[in-house]
Amino acid sequence: MIDKVTQIPKTWEAVSLGDIVELKYGKSLTKSNRDSGDYPVYGSNGIIGFHSNFIVENPCLIVGRKGSIGEVHICKNPCYPIDTTYYINEFYEQPVNYWLYLLKALPLGQLNRASAVPGLNREDAYKIRIPLPPLNEQRRIVAKIEALKARSQRVKEALEAIPPLLDQFRQSVLAAAFRGDLTADWREKNPDVEPASVLLERIRAERRRRWEEAELERMKASGKTPTDDKWKSKYDEPEPIDTVNLSELPIGWCWAKFETVATIASNLVQPSNYPNYPHIAPDNVEKGSGKLLEYRTVEEDGVTSPKHLFFPGQIIYSKIRPYLSKCVLIDFEGLCSADMYPVDSHICSEYLFYYILSDTFLDLIQKESGSRVVLPKANQKQVYAISVPVPPLEEQIAIVEKVKRLLIHKDCVIAIIKNQLEKFEELQQSILAKAFRGELVPQDPNDEPASVLLERIRAERAKQDAAKTAKKSTAKTTGQRRRRSQQQDSESVQLGLPGLE
């Protein structure tokens, strides 16, 4: 950014902005008066509508005067800058784009004096000292800036195309994980691990044991201590999964319903009892990545309706249809939105977490929940019905390690790309700074020096000022004559005389 003129080439001149350009006032045109015609209407932030008339025919620069002060836009067609802007439409044969880049590099946005709506006083802008290169060098500078911009834009577009590819890579990794492809070599080296079927039998037995304990306590608390085991027949055993339409799994794996491998906890509580607890809502979770974003406490969010209490090790899953790919594996205690489920996993928690993040799970839950409009949520029954591919426990851990390693590489690439994209603005400013120090293109000793250009501009502006003064004088004289004539006519009427011409 230019803040002062230091050393410049010998053929250049240091001048004030007001020596070269005139910031002309735009004209009022309210939104209700714009008729959606062919010509763009410009405000401080750029195009804000269209109108059938224009006030500037030549290519011009529009500079924010109120609000977004110092913002600079270019229009090479007829347009209508409104009264929150200045416009420049006289460049004295200089390239318009040179002045676009120069004005963008000036600290115009720092000249605000207003206490309410930011405003740019043009007299302040006129005092800024700027470098004036020879006319031919201006053209070379513009050509070089635009060549560099085109090249950097191609690089930027290439970088911006990578994150979507990495998202596809992430889903490919997860799909391979839950087909067993990531651990094919691991299975060859570990053929004697306990199969998933044994793990699932143990989970079912433990699930039934916990139910019986809870049910017995409930009956005792109500004074109905059982005398036999008939009450145990009330236990609702999860229905066996139908594998007819499911894909074939590796040896040692099994399909199971979500209900078998996890339990959705309720734990609904009044937030007033937990004011300082963290509060997690779907907006606090990054879609598709499982990353927890910034969040606040229950009190800070002003929560009043009942929420779910969650605990470390649980998976918090959003059941709201637009956010079905949002979940996070939690490592602290807090409250989550009633639109989220705290989930206790009976298999490796990280394995189930990554499965919920996969497109496979997303497709299944969307199919289960259908296209509900009134209540677009996945209810507990629908989540419990989802099919889960279950490997042996040791293989679940091996899968998690491989997925983590691959996704860490992906996150590192994303971080590098983000860092490089953030540097593009710095690069643009660096290019402009070099351009206006005379370092971007070589000087040509055969160029007409800027001093000659400056004299020509001054002469032309003096000529224009003289023409404006003459026009105002003519208008003033004409007005005076008209008023005298009207006065004479009035006096003639009063005297009963014929009108004077």
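Let me start with helix 5, residues 162–179. Its buried residues are Leu166, Arg170, Gln171, Val173, Leu174, Ala176, Ala177 and Phe178. Keep in mind that this is a predicted model. Helix 5 has 18 residues and spans 26 Å from its first C-alpha to its last, close to the 26 Å expected at 1.5 Å a residue. After helix 5 comes glycine 180, with a positive phi near 90°.

Next, a pair of helices. Two packed helices are described by the angle between their axes and the distance between the axes. Here the pair is helix 4, residues 135–160, and helix 13, residues 393–435; their axes come within 11 Å and cross at roughly 180°. An angle over 145 degrees counts as roughly antiparallel, so helix 4 and helix 13 are roughly antiparallel to each other. On the helix 4 side, the residues making the contact include Ile141, Ile145, Leu148 and Lys149. On the helix 13 side, they include Ile417, Leu421, Phe424 and Ile431. Sorted by class, this contact has 12 nonpolar, 3 polar and 3 charged residues.

Now the cores. Which residues have the most contacts inside the largest nonpolar core? They are Phe258, Tyr317 and Leu352, in a core of 46 residues. Helix 10, residues 349–357, gives the most to this core, with 7 residues. Take leucine 352 as an example. Leaving aside neighbours within four places in sequence, leucine 352 is in contact with Phe258, Val261, Ala262, Ile315, Val343, Ser345, Ile347 and Val388. Apart from this core lies another, of 45 residues, with Trp12, Trp99, Leu108 and Ala450 among them.

Last, two backbone angles. Most residues other than glycine have a negative phi. Serine 36 is not a glycine, yet its phi is positive, about 60°. Serine 36 sits in the loop between strand 2 (24–25) and strand 3 (39–43). Is serine 36 buried or exposed? Its relative accessibility is 64%, and the cut-off for exposed is over 50%, so serine 36 counts as exposed.

Asparagine 267 also is not a glycine and has a positive phi, about 50°. Asparagine 267 is found in the loop between strand 11 (262–264) and strand 12 (268–269). With a relative accessible area of 32%, asparagine 267 is partly exposed.

That is the end of my part.

How values were computed
Residues are numbered from 1 along each chain as its sequence is written. This is a predicted model: local features need pLDDT of at least 70, side-chain atom pairs count only at pLDDT 80 or more; totals for chains, interfaces and linings use all residues. Side-chain values use heavy atoms; hydrogens and water are left out. A nonpolar core is a set of buried Ala, Val, Leu, Ile, Met, Phe, Trp, Tyr and Cys residues joined through side-chain atoms within 4.5 Å. Buried means under 20% relative accessible area, exposed over 50%, partly exposed in between (1.4 Å probe, protein chains only). Helices (H or I, at least four residues) and strands (E, at least two) are DSSP runs, numbered from the N terminus. Contact means heavy atoms within 4.5 Å. The expected span of a helix is 1.5 Å times one less than its number of residues. Axes are lines fitted to C-alpha atoms, for helices over the stretch in contact, and angles run from 0 to 180 degrees between N-to-C directions. Angles under 35 degrees count as roughly parallel, over 145 as roughly antiparallel, 65 to 115 as roughly perpendicular and the rest as oblique. Ala, Val, Leu, Ile, Met, Phe, Trp, Tyr, Cys and Pro count as nonpolar, Asp, Glu, Lys and Arg as charged, and the others, Gly among them, as polar.
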